Amino acid sequence: MTGSWGWDLLIGLVVALLVAWAALIAALALARPRGGMLREALRLLPDVLRLVRRLAADPGLPRGVRVRLVLLLTYLAMPIDLVPDFIPVLGYADDAIVVTVVLRSVVRRAGIDPVRRHWPGTDDGFAALCRLTGLK
């Protein structure tokens, strides 16, 4: 291509990263809550963050589940996202979608009872969480 293996390698890495990023964005678009549910997910985010922290600290949960939750908390704390937060609506939507996907996997592995036990919000909020994530 350019005649220099160093530049070819760099160009190849950049293209591979862009393709991987596009694939992740497409996966997020497919996993997103439908309709007005995304706005509801953003409203529940503070309670969901407390839920994730509590679940991650629960020694009664399987190790794999707790690892997923710690990785989720790390992702949410990182200043770099898949979609930058300054982009209106979509910037925070990726966080809500990632949380939804992880919570679905937690419930499949550990059940709904630990999620209910650690939920810090109201019963209406828990019902909304169940609708959003398909927990029940």
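User: In this predicted model, which ring does the charged end of Arg116 sit over?

Analyst: A charge counts as over a ring when CZ of Arg is within 6 Å of the ring centre and within 35 degrees of the ring normal. Here the charged end of Arg116 lies over the ring of Phe126, at 4.5 Å from its centre.

User: Which residues have the most contacts inside the largest nonpolar core?

Analyst: Such a core is a set of buried residues joined through side-chain atoms within 4.5 Å. The largest one has 26 residues, and Val48, Leu69, Leu103, Val115 and Leu129 have the most contacts inside it. Two or more residues each come from α2 (37–56), α3 (63–77), α4 and α6 (123–133). Helix α2 gives the largest share, seven residues. As for Leu69, residues it touches beyond four places away in sequence are Val52, Leu55, Ala56, Val102 and Val106.

User: Is Ser105 buried or exposed?

Analyst: Buried means under 20% relative accessible area. Ser105 has 14% relative accessibility, so it counts as buried. This residue belongs to helix α4 (residues 90–110), and its side chain makes a polar contact of 3.3 Å with the side chain of Arg68.

User: Where is Pro120, and what does Pro120 touch?

Analyst: Pro120 is in the loop between α5 (113–118) and α6. Because its relative accessibility is 25%, Pro120 counts as partly exposed. Not counting residues up to four places away in sequence, Pro120 touches Asp47, Arg50, Leu51 and Arg54. Asp47 is 73 residues from Pro120 along the chain, yet their C-alpha atoms are separated by 6.1 Å.

Terms used:
Residues are numbered from 1 along each chain as its sequence is written. This is a predicted model: local features need pLDDT of at least 70, side-chain atom pairs count only at pLDDT 80 or more; totals for chains, interfaces and linings use all residues. Side-chain values use heavy atoms; hydrogens and water are left out. Helices (H or I, at least four residues) and strands (E, at least two) are DSSP runs, numbered from the N terminus. Buried means under 20% relative accessible area, exposed over 50%, partly exposed in between (1.4 Å probe, protein chains only). A polar contact is a pair of N or O atoms within 3.5 Å; within protein, one must be able to donate a hydrogen and the other to accept it, and residues adjacent in sequence count only if both atoms are side-chain atoms. Contact means heavy atoms within 4.5 Å.
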